[in-house]
Amino acid sequence: MPGDESWHSAVADEPVVPPASFVEQANVADADVRENFEREHPACWERAADLLDWSTDYDTVLTEDGPPFRWFEGGRLNASYNCVDRHLDERKNQVALTWEGRLGESRSYSYLDLYREVNEFAAALRGLGVEEDDIVTLYMPVVPELPVAMLACARIGAPHSVVFAGFSADALATRMEDADSEYLVTCDGYYRRGAPVHQKNKADNAAMALDDGVEATVVVDRLGDDTPLADDEYDYGELVTEHRGETVEPVERDATDQLFLIYTSGTTGEPTGVRHTTGGYLSYAAWTSHAVLDIKPEDTHWCSADIGWITGHSYTVYGPLALGTTTMLYEGTPDHPEKDRVWELIERNAVDVFYTAPTAIRAFMKWGEEHPGSHDLSSLRLLGTVGEPINPRAWKWYYTHIGDEDCPVVDTWWQTETGGMMVSTLPAVDDMKPGSAGQPLPGVDARVVDIDGEPVEPGETGYLALTGPWPGMPLSMVEHEDWFAEHASVVPDLSDYDWAYFTEDSATVDEDGYITVLGRVDDVINVSGHRFGTMEIESAIADVSGVAEAAVVSGPHDLKGQAVYAYVSATEEDEGALRERIAGAVEDAIGPIAVPDVVVFTSELPKTRSGKIMRRLLEDIANGDDLGDTSALRNPEVVGELESALPDRG
Ligand code: WTA
């Protein structure tokens, strides 16, 4: 953890200069790029729009007189055309998607294969009654049919809502209900740790919970067994076969039309739908893939995030395919069948760019450098991380043992809401400082401010705010001036800015303008780079019989960065049984990944005199931090009990 010796590196923290061999070939190597963007704002963003093909040119880059901000207004385009059709002339036989399945299978789609299947599935969706602007929910693990379905939706102008496959039936139903989504594409099941998970059962339970049910469900056969289908259920393979050879004209969408919806956790108990645009989002995903990940069409790119999260949307699917590269999908886990799985895949597929999460890097470190050491990783040109802070020790390990000190490492800060990377080094331009993400990207207005909204002095901690628009901003921010006021819990006063969005992260900034993101200041826990609202988990636990009260906070975890700690006061004595019921309830409400790592039973939760649970105090206890003054508590005597009840984390 920050402050803990093992979190940091023994090596002195000198800035790391980009390798010359990388700089020579980089997509963006102009040392003045930040100044140029600033001088040419907002026209600078034509560089991003120019990475796409527009069926109608836009009139203005940015309609700028404050919200609503409209990017590339007047422009029309189709995302599926941009990610597939336009590459056919030059690279129809190049691999677009290469998939490595959990059971060791591989499958590749050339751009021509992808074009055909996207068209066929788009025709099938139309045949089922899906119309422009209908929301189609996609609930699948990382199988090729998922990006195919995303692109098929984009082709007919039906925004998709991908729900992470590990989410529960309840979580799926909540999202479908909220999105008013009547169409579902799922699979019969998938394998987790060798055992099948019956995804279709979860989908069925979700459908039963929906007031209006589901209009049509398409089921991908992943398990290869005969899943009985009802009248309103269709087999993906049969549908595609029925529509074999059909083509569907890509629907022209306005730049400001919604491309997709994705749910994320915030401070409220309910997940929030974030709606991204066709022109702004896609050009931003393409631009950041080009400028930060340095992706070239001839590359094989591997972003290890699940497509169910925004990282997979932007950097497995839309960004890389818009640039016409080969994107790799991996369904499995990093340690199966062996702990060298990732390195074996990189070697076998000659991966050029690898983008992963600090959690994974910490696990690789723990497993030992002999695993990457036994593979030829010389195809790698650039390494990236995302999702949570990376400690300098893990950064250096990644740089040394994976990149052989010859690949820049980009530590990219961004959020579901931003659509793409916002703070990062430019790999051929900026020196890298292990542990610090870097400066705002060109054209991005990000700053660290104090509670009054004033920029902090170098070295001080403050709040990370975005103080200007960028093409990847979601529709909710484009449209509502008060979006930020509605969503923020700890609110620095940003009223002096023409427009601002508070990210709910805290950060420091150094004398060179490098931003180090410290973590969330709201009630969101970042477990292995995935966001969960503490309120969502708490309300699942509070419903368990035998639980009187529960409070959920984040605590330290060696590998995951943060873990879910639940403090529970119980009316039942059998703690073992209660623990199981709590785990089951969280699994049902959200999914296995949100199940608390630590459950502490206590006679009472610490409360203020007005009866509010002191969550901050619980968080300090979980983190072993100094508790400060506890005299405001109504029941200070529970503090000792809580401290001694914590498990030994060794
Ligand atoms: C955290 C994932 C430190 C941050 C793309 C943010 C990071 C939240 C970094 C968004 C990073 C993301 N350094 N923290 N490089 N990248 N975060 O919406 O707290 O799943 O607010 O988007 O992850 O998580 P989300």
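**Core packing and ligand shell**

In this predicted model, Tyr318 touches Ala79, Cys83, Met150, Leu151, Ala154, His160, Leu259, Phe260, Tyr281, Leu282 and His313, leaving aside residues up to four places away in sequence. Tyr318 is also among the residues with the most contacts inside the largest nonpolar core, together with Trp45 and Phe121. That core has 119 residues. Helix H6 (residues 111-127) gives the most to this core, supplying 9 residues. A second, separate core has 36 residues, including Tyr139, Ala169, Val527 and Val547. In soluble globular proteins, nonpolar side chains tend to be buried together.

Helix H8 spans residues 169-179. Its buried residues are Ala169, Ala171, Leu172, Ala173, Arg175, Met176 and Ala179. Just after H8, Asp180 adopts a positive phi of about 60°.

A backbone N or O atom of Thr412 lies 2.8 Å from a ligand nitrogen. A polar backbone atom of Glu388 is 3.3 Å from a nitrogen atom of the ligand. On the side-chain side, a polar atom of Asn526 lies 3.1 Å from a ligand oxygen. The protein covers 97% of the 530 Å² of accessible area that the ligand has on its own.

Methods
Residues numbered from 1 in each chain as written. Predicted model: local features only at pLDDT ≥ 70, side-chain atom pairs only at ≥ 80, totals over all residues. Heavy atoms only, no water. Buried < 20%, exposed > 50% of the residue type's maximum accessible area, 1.4 Å probe, protein only. Helix = DSSP H or I, 4+ residues; strand = E, 2+ residues; numbered from the N terminus. Core = buried A, V, L, I, M, F, W, Y, C linked by side-chain atoms within 4.5 Å. Contact = heavy atoms within 4.5 Å. Polar contact = N/O pair within 3.5 Å; in protein donor to acceptor, adjacent residues only side chain to side chain. Areas by Shrake-Rupley, 256 points an atom, 1.4 Å probe, with all protein chains shown as cover.
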